[in-house]
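Hi,

Here's the structure I promised to pass on. Have a look at it first, then read my notes below.

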Amino acid sequence: CPVNVLVPKLMDAYNHTILRGKDQAGIDRLQWHWGITPADPVLHECTECGICEEACTQKLPIRNRIKELQKAAAKSCS
């Protein structure tokens, strides 16, 4: 990632959202496991360049997943 987005950490949190079926599970994972709060700017550094998706061996829709985490973080802040 050219802007050093923490893609593996964000994907880990996204997986927790899917596994638990709750947006808050991903936000909790970010906060309590990775030390990334919902208001942390790191959640909004993605420039959507797509380099991560090109490099991803699993062909994951990383940019969409980051957007979903951003939405969940915004909900948890309000």
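Before the first point, one term: two residues are in contact when heavy atoms of theirs lie within 4.5 Å. Keep in mind that this is a predicted model.

Let's start with helix 1, which covers residues 7-20. What covers them?

Now zoom in on Thr17, which sits in helix 1. Its relative accessible area is 11%, and buried means under 20%, so Thr17 counts as buried. The side chain of Thr17 reaches the backbone nitrogen of Gly26 at 3.3 Å. Leaving out residues up to four places away in sequence, Thr17 touches Lys22, Asp23, Ala25, Gly26 and Leu69.

Last, the cysteines. How many disulfides are there? With a cut-off of 2.5 Å between the sulfur atoms, the count is zero. Cys1 is in no disulfide, and the nearest cysteine sulfur, in Cys49, is 5.9 Å away. Cys1 is also partly exposed, at 44% relative accessibility. As for Cys52, the closest cysteine sulfur belongs to Cys46 and is 6.0 Å away, so it is too far for a bond.

Cheers

Conventions:
Residues are numbered from 1 along each chain as its sequence is written. This is a predicted model: local features need pLDDT of at least 70, side-chain atom pairs count only at pLDDT 80 or more; totals for chains, interfaces and linings use all residues. Side-chain values use heavy atoms; hydrogens and water are left out. Helices (H or I, at least four residues) and strands (E, at least two) are DSSP runs, numbered from the N terminus. The expected span of a helix is 1.5 Å times one less than its number of residues. Buried means under 20% relative accessible area, exposed over 50%, partly exposed in between (1.4 Å probe, protein chains only). A polar contact is a pair of N or O atoms within 3.5 Å; within protein, one must be able to donate a hydrogen and the other to accept it, and residues adjacent in sequence count only if both atoms are side-chain atoms.
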